[in-house]
Amino acid sequence: MSTVTRSASASPCMALNGIIDASLFPLKSTSDVVNLFRRALTSAIEPDLTLLSIVVGYIELSLTTGEAAQAAQAAQAALGSSSDVIMGNSVPFPVVTHELIAGLYKKFQTILSVVEKPKPHRQATRDIIKKVSDVIWNSLIRSSYKDRAHLQNLYSYLSGNKLDCFGVALATTAGCQLLGYRDVRLAISEDHAWVMFGQKRVESIEVTWHGKGSEDKRGQDIGAGIESGSWLYLGGLAVVCERGMEVAAICVALNISLSANSDCVEVAELQQQLLWLLYDLGHLKRYPMALGLLGELEEINRTHRSISCEQLFREAIEASRTYYHNHHVYPHIFQGNYYNRLLKYREAFAAWANAADVIRLYTYQCRDDEEIYKELLDIANELIPYVMKTESSGHSARSILRDAEVFANLLRFYDGICQWEEDSLTPILHIGWAKPLVNNITKFDYDIRSQVVIKLPEDLEAEQAAALEAKRATAAAAAAATIESSLHLEGNNNNNITVVKKEEKSKSELPTTLADLTAACGEKILNPDFLLQGGGQPFADQKQQSVAEETASHNNKSSNNADKEATATTTTTTTSNGGTLAQSPSNEASSANEATQQQQQQHKEAKLEESRSNSNIVEQTISTPALVDDYDPFEIMLKRPVITLYSQKMKGLKDLLLAEKLNTHAISLQVTAQSVASRKVRGVADSRQTATISATITAIASTEGGIGGGTAASASSASGDSIAASRPKRTRRE
């Protein structure tokens, strides 16, 4: 019990921070380890990566190697089964003592003592990080541990001088933290790790190797890997960790396997609880791989009531799309495999197609992309053929083989892989890919395949241009209609027109009135009768002018009136001195106004009736789809899946895929024989090679569709000639 009462000041693990109390030791259970991590993560001082990696590394190796591994192998042999199982461990939970942790911690400090410590407020440089990496690199055992498990933690390094590529990157980051360089951060892709440093953490440096060989990349910038388009560097959109995310990386690196076919329950439970702790503290929000791993652990053993594994898989995809522009492939693979295990094949095909949409963003590199190649190969050659075999037996209407969307997702999956292959120095789709591809396509009948609308990028661009032009025309028509409706708005149009006409009339008559007054200034203006008797008009010629104007206007209107005789009798009742019947013109004007108002009222009623009829037609049109048969061609056309093929290989297969009778030989040739035709080889452009592919497939399709027997040989010879046309000619000596 001396380890419990040991003073904190004398503990080597207090060298980095003062939040780890010696009273927390010994650690005897999973809950004790979780409390240690919670204390480290919730303190104001950043967590000590070295301490935490040593603790979980010791527990992992104690429960999964040595006696535990031998017992697991014996139990597996007794079961006589090759299926994967998760089993309890015969070895008890290891007790983590303070002496053990303190001794290993001090050993790591001694190893790094050759590296100078930083001065106050000094940041790390490329040379400093390279030196820390050199110290760790030179102390490793000279052998490759690429395919070995349980080598990702500092306990493996300090107890046996063994680390894998991720372990070297983690040890370098922890070493820089231990020395006092706080600006050094771990960067993690889906199969590689390096270091970011600097004030804004934009400078990068390789600190480890990758692949089967131990090529020394240490000290180099990752810019060359990003420019190559390799999936290994995720286009520069890898996870750059903060301290809490680096602790999450330590937990993700835990390996729960006891043997090839069995896992350790205790290590899985520890990993699951630590990841939930990090999830609750918000450290997994930007870490898609950790969210996907937690989802798989929850699928095996659900411990959270409100959050399901399916929700975690969706959160991983959302994190990839939000923070990394959807450049991570594994979240979609996690989701697709999960749906496949639940027999939700439609959703699984969609998720796998989404994974292919991500991988198409990269260019295949044979040495760097080995892991993701294995994952996609397993999906294409194992999982999908098994699903097809299962669904083809007991054929039913609800089978995925009767779903055009599943066929569209299958094409999208292979289109992504073909585009991943383009511009690569190494072909991907060999005959091992082509046979399952052809078999999977032939499972779908012609009536299902023909429902898929396949488009090409050039067609999409033309449609977008046409849609933009139509949108502009619609906007212009709507603007014109708005202006016209504002001018002819019911109840306001007459007033508007009257105001406009009055303004125009006043403007036009103003100069004429001034001219008339000027010309008549010397004539007799006032009416003597009005001045003497108070009757008649005040001006001499006013009444005569008004009567003449009314007579003229009335004559114009009477030409369109049916009753001409009565109007003529009324309008001719005048005298030479201007004494006319005073009521006759006013009555005629009022009758004309009444006629005009009646015409307007009739026009309004006609318009109202027309609008009502139109509304009835619209209501009938809206209510009609409810009565339309389910097999309406328009409705079926709306449900047809639409995909766009981007790879050169799949573009060439467009007509073959939608043909009533599939030409399997032509499809296989397109996928395999032209593996390098999409990139520029020996100065031959892509367009010419694409034309060669199309000519070859067309020749094969035409010859095989004809007679048979010898025609197949002629097709193969024709294809050989077309392929040879794209290659440089050889001399007779060659």
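Predicted model: local features only at pLDDT ≥ 70, side-chain atom pairs only at ≥ 80, totals over all residues.

Trainee: How many helices and strands does the chain have?

Mentor: Helices (H or I, at least four residues) and strands (E, at least two) are DSSP runs, numbered from the N terminus. The chain has 31 helices and nine strands. Of its 734 residues, 42% are buried, where buried means under 20% relative accessible area with a 1.4 Å probe, protein chains only.

Trainee: How should I read the angle between helix α3 and helix α10?

Mentor: Axes are lines fitted to C-alpha atoms over the stretch in contact, and angles run from 0 to 180 degrees between N-to-C directions. Helix α3 (residues 49–64) packs against helix α10 (residues 243–252) at about 15 degrees, with the axes 10 Å apart. That makes α3 roughly parallel to α10, the term for angles under 35 degrees.

Trainee: Which residues of α3 and α10 meet?

Mentor: Contact means heavy atoms within 4.5 Å. On the α3 side Leu49, Leu52, Ser53 and Val56 meet Arg243, Glu246, Val247 and Ile250 of α10. The residues of this contact divide into five nonpolar, one polar and two charged, with Ala, Val, Leu, Ile, Met, Phe, Trp, Tyr, Cys and Pro counted as nonpolar, Asp, Glu, Lys and Arg as charged, and the others, Gly among them, as polar.

Trainee: Is glutamate 246 buried or exposed?

Mentor: Glutamate 246, which lies in helix α10, is buried, with a relative accessible area of 0%. Leaving aside neighbours within four places in sequence, glutamate 246 is in contact with Leu49, Thr173, Val184, Arg185, Leu186 and Cys241. The C-alpha atoms of glutamate 246 and proline 47 are separated by 9.4 Å, although these residues are 199 apart along the chain.

Trainee: At what angle do α17 and α18 pack?

Mentor: Helix α17 (residues 404–421) and helix α18 (residues 431–442) pack at about 160 degrees, with their axes 11 Å apart. The two are therefore roughly antiparallel to each other, the term for angles over 145 degrees. By class, the contact of α17 with α18 has eight nonpolar, one polar and no charged residues.

Notes: Residues numbered from 1 in each chain as written. Heavy atoms only, no water. Buried < 20%, exposed > 50% of the residue type's maximum accessible area, 1.4 Å probe, protein only. Parallel < 35°, antiparallel > 145°, perpendicular 65-115°, else oblique.
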